[in-house]
Amino acid sequence: MYVCVCNAVTERQIDQAVRAGATSLRHLRHQLGVSADCGRCARCAQDCLRVALCESPRPAPAAPPAHAGSSLSFALEAS
Ligand code: FES
């Protein structure tokens, strides 16, 4: 389904943008041109974004830096 007629942006493209890291309408505007012209698609694009964010798998939390344990050990050893 076309979400933005002015820029021929589909719901699928919004899904793909979210999976690539887009989290806001501003991101979609920058990456795809959504809502950059007449703006009539903004509400629909926002709805698609919300759904895509809910369905998109979340990235795993980042692992702590490798040196985090060693500095703690150092702090414990120094006290
Ligand atoms: S329909 Fe998206 S900017 Fe016009």
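A: Start with the contacts of the chain. In this predicted model, among contacts between residues at least 6 apart in sequence, 51% join residues at least 24 apart. The protein chain has 79 residues, and 20% of them count as buried. Four helices and two strands make up its elements. Read from the N terminus, their order is β-β-α-α-α-α.

Now the helix pair. α1 and α3 pack with their axes 9 Å apart, at an angle of about 50°. The crossing of the two helices is right-handed. On the α1 side, Glu11, Ile14, Asp15 and Val18 make the contact. α3 contributes Ala45, Cys48, Leu49, Ala52 and Leu53. By class, the residues of this contact are seven nonpolar, two charged and no polar.

Next, the core. The largest nonpolar core holds 15 residues. Val3, Ile14, Leu28, Val34, Ala45 and Leu49 have the most contacts inside it. Two or more residues each come from β1 (2-4), α1 (11-19), α2 (25-32) and α3 (42-55). α3 gives the largest share, four residues.

Finally, Val3. Leaving aside residues up to four places away in sequence, Val3 touches Val9, Thr10, Glu11, Ile14, Val34, Cys41, Cys44, Ala45 and Cys48. Among these partners, Glu11 and Ile14 also belong to the α1 side of the helix contact, and Ala45 and Cys48 to the α3 side.

Note on methods:
Residues numbered from 1 in each chain as written. Predicted model: local features only at pLDDT ≥ 70, side-chain atom pairs only at ≥ 80, totals over all residues. Core = buried A, V, L, I, M, F, W, Y, C linked by C-beta atoms within 7 Å. Buried ≥ 20, exposed ≤ 12 C-beta atoms within 10 Å, placed from the backbone. Contact = placed C-beta atoms within 7 Å. Axes fitted to C-alpha atoms, helices over the stretch in contact; angles between N-to-C directions. Left-handed = near helix turned anticlockwise from the far one by under 90°. Nonpolar A, V, L, I, M, F, W, Y, C, P; charged D, E, K, R; others polar.
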